[in-house]
Amino acid sequence: MSEPDIESIVTTQEYWILPEKNIEPTLTEPIYPSGTQAQIRDSVSYCVPCAQRMFDAKSGLQVCVLSVPKNARAIDETDGVLSYLAQELEEQSLEPVDLVKRAWKSSEHDVQPPSA
Amino acid sequence: MSNPPQLRLYIDTNIFLDHFLRRRGKSSTLLKDIAGGRFDGITSHFTLSELTGVLKELRVPHADINRIIGQVQAFPNIQIVFHDQNMFLDMPQNMLGTCVQCRDALHFMIAKSLAVDRIVTRDGGFRNAVNSVIQCVTPEQLIP
């Protein structure tokens, strides 16, 4: 069976079918003005994400989704990963919803250089 | 006889933060239930940006932010959807048709376009704005 003949594949997920093609990134390697590049590459989990166009049977739309390998351990590995901050946030009566709003406000008012 | 399709859920940013902070409630359980196939999960690439913004605000080291965002991308059975031009074309009309604010409209347009059954959020403002179009629930309402 040739490659185009197998374009219709029903996955184990109910609505997501027809992985058509990967969209290869066409951007050239970015140039980082600081040491950021080395920092990112040092991260053990860093990988170049890939976008994939799929047909979504429930909505009837062609959608673009992030295509990365799934890993069930990722949930356990991030469970409580910021729990060391929980007490401090609780003392400030900051809920996760407030954190999102605060980050938005900061992005509007502060322009800070990236921390190391 | 085939099983009925699972509920399709849009997962808001604050639910992931609950999980990272190990908050009381059932956000982590919900993410695990989605991974196990009890529900179908959707979020948007915009959620990853909001998470990154919050983690930066909390001064989490950049290497840790990269690792956490990479791990969120790997959560099983949660599709991370990009906006397309049609969603932006419809956005003004959808903002007029609801009380949704501009940034929440970015979540809402993915949820509406992808025909989700519920939005899972703890954001009362978001809920009030869009609940008449898509029902908003907390994890505890889904998993009593």
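Let's start with Arg59(B), which sits in the loop between α3 and α4 (62-73) of chain B. Helices here are DSSP runs of H or I with at least four residues, strands are runs of E with at least two, and both are numbered from the N terminus. This is a predicted model, where local features need pLDDT of at least 70 and side-chain atom pairs count only at pLDDT 80 or more, while totals for chains, interfaces and linings use all residues. Residues are numbered from 1 along each chain as its sequence is written, and chains are lettered from A and ligands numbered from 1 in the order in which they are written.

Arg59(B) is not a glycine, yet its phi is positive, at about 60 degrees. Is Arg59(B) buried or exposed? Arg59(B) counts as exposed, because it has 9 C-beta neighbours inside 10 Å. The rule goes like this: with C-beta atoms placed from the backbone, 20 or more others within 10 Å makes a residue buried, 12 or fewer makes it exposed, and in between is partly exposed.

Now take Asn77(B), in the loop between α4 and β3 (78-81) of chain B. Asn77(B) also has a positive phi without being a glycine, and the value is near 65 degrees. This one is buried, with 21 other C-beta atoms within 10 Å.

Okay, on to the helices of chain B. Two packed helices are described by the angle between their axes and the distance between the axes. The axes are lines fitted to C-alpha atoms, for helices over the stretch in contact, and the angles run from 0 to 180 degrees between N-to-C directions.

First pair: helix α1 (residues 13-21) and helix α2 (residues 27-35) of chain B. Their axes come within 8 Å and cross at roughly 110 degrees. So α1(B) and α2(B) are roughly perpendicular to each other. For the wording, under 35 degrees is roughly parallel, over 145 roughly antiparallel, 65 to 115 roughly perpendicular, and the rest oblique. Who makes the contact? From α1(B) we get Ile15(B), Asp18(B) and His19(B), and from α2(B) there are Ser27(B), Ser28(B), Leu30(B) and Leu31(B). Contact means that two C-beta atoms, placed from the backbone, lie within 7 Å. Those residues split into three nonpolar, three polar and one charged. Nonpolar covers Ala, Val, Leu, Ile, Met, Phe, Trp, Tyr, Cys and Pro, charged covers Asp, Glu, Lys and Arg, and the others, Gly among them, are polar.

Let me stay with Ile15(B) for a second, in helix α1 of chain B. Ile15(B) is buried, with 28 other C-beta atoms within 10 Å. What does Ile15(B) contact, leaving aside neighbours within four places in sequence? The partners are Ser27(B), Leu30(B), Val120(B), Thr121(B) and Pro139(B). Look at Thr121(B): it is 106 residues from Ile15(B) along the chain, but their C-alpha atoms are separated by 6.4 Å.

Thr13(B), Phe16(B) and Leu17(B) in α1(B) meet Thr47(B), Glu50(B), Leu51(B) and Val54(B) in α3(B). By class, that contact has four nonpolar, two polar and one charged.

Residues on the α5(B) side include Met87(B) and Met91(B), and the α6(B) side includes Phe108(B) and Ile110(B). The classes here are seven nonpolar, two polar and two charged.

Ile110(B) turns up again in the largest nonpolar core. Such a core is a set of buried Ala, Val, Leu, Ile, Met, Phe, Trp, Tyr and Cys residues joined through C-beta atoms within 7 Å. It has 50 residues, and Tyr10(B), Ile42(B), Phe75(B), Ile110(B) and Val120(B) touch the most other members. Helix α6 (residues 102-113) of chain B gives the most, six residues.

Last stop, chain A. It has four helices and three strands, in the order β-α-β-β-α-α-α. Buried residues make up 10% of its 116 residues. How many residues of chain A are in contact with chain B? The count is 49, touching 48 of chain B. The largest share of that chain A side, nine residues, comes from α4(A).
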